Amino acid sequence: MGDLEIRPVVAADIPAVVGMLADDPLGTRRESPDDLAPYLTALERLSADPNQRVVVAVREGRVIGTLQLTLIPGLSRRGATRSIIEAVRIHADERGTGLGTQLIQWAIDESRHQGCQLVQLTSDVSRTDAHRFYERLGFTASHVGFKLQL
């Protein structure tokens, strides 16, 4: 099966990453794999921000997973830093192999390394399989989230 590498995303990874972002009922409506320019611009912004970690999981030269980890310094919780896990995607061929667990564990370990006291994430209400997955990893559905489209 080959060794797994988790490393920072680079521009050459963007087509594979966007393909994974678009490969589900929600992503297909909001992602645009035919126009990579906005994603490349976003990658430049993310790469310049020391509080961002966008990584890919690569096996045998193939991008098979991705996630974004954002570090947020704060005042609450006695000045705690927290992290947010976003945009977790596993290539369809790799789902059920344990790769998602490895990626989330990487994010938790990186959060600890960066001094975070809390790791949080959100998941669309329709992603019930993902909710079970996160609960198996020890996350609890402790809050209600809200979003406002701008």
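Residues are numbered from 1 along each chain as its sequence is written. In this predicted model, local features need pLDDT of at least 70 and side-chain atom pairs count only at pLDDT 80 or more, while totals for chains, interfaces and linings use all residues, and side-chain values use heavy atoms, with hydrogens and water left out.

Biologist: How many salt bridges does the count come to?

Modeller: A salt bridge is a side-chain nitrogen of Lys or Arg within 4 Å of a carboxyl oxygen of Asp or Glu. One of them joins the side chains of Asp13 and Arg7 at 2.6 Å, N to O. By this rule the count is ten.

Biologist: How many residues apart in sequence are the parts that Arg89 and Asp24 tie together?

Modeller: Arg89 and Asp24 form a salt bridge, with the closest N and O atoms 3.6 Å apart. Arg89 lies in strand β4 (residues 81–90) and Asp24 in the loop between α1 (14–22) and α2 (27–30), so the pair ties together parts separated in sequence by 65 residues. Strands (E, at least two residues) and helices (H or I, at least four) are DSSP runs, numbered from the N terminus.

Biologist: Is Arg112 buried or exposed?

Modeller: Arg112 meets Asp109 in a salt bridge of 3.8 Å, N to O, and both lie in helix α5 (residues 99–113). Buried means under 20% relative accessible area, exposed over 50%, and partly exposed in between (1.4 Å probe, protein chains only). Asp109, at 41%, is partly exposed. Arg112, at 59% relative accessibility, is exposed.
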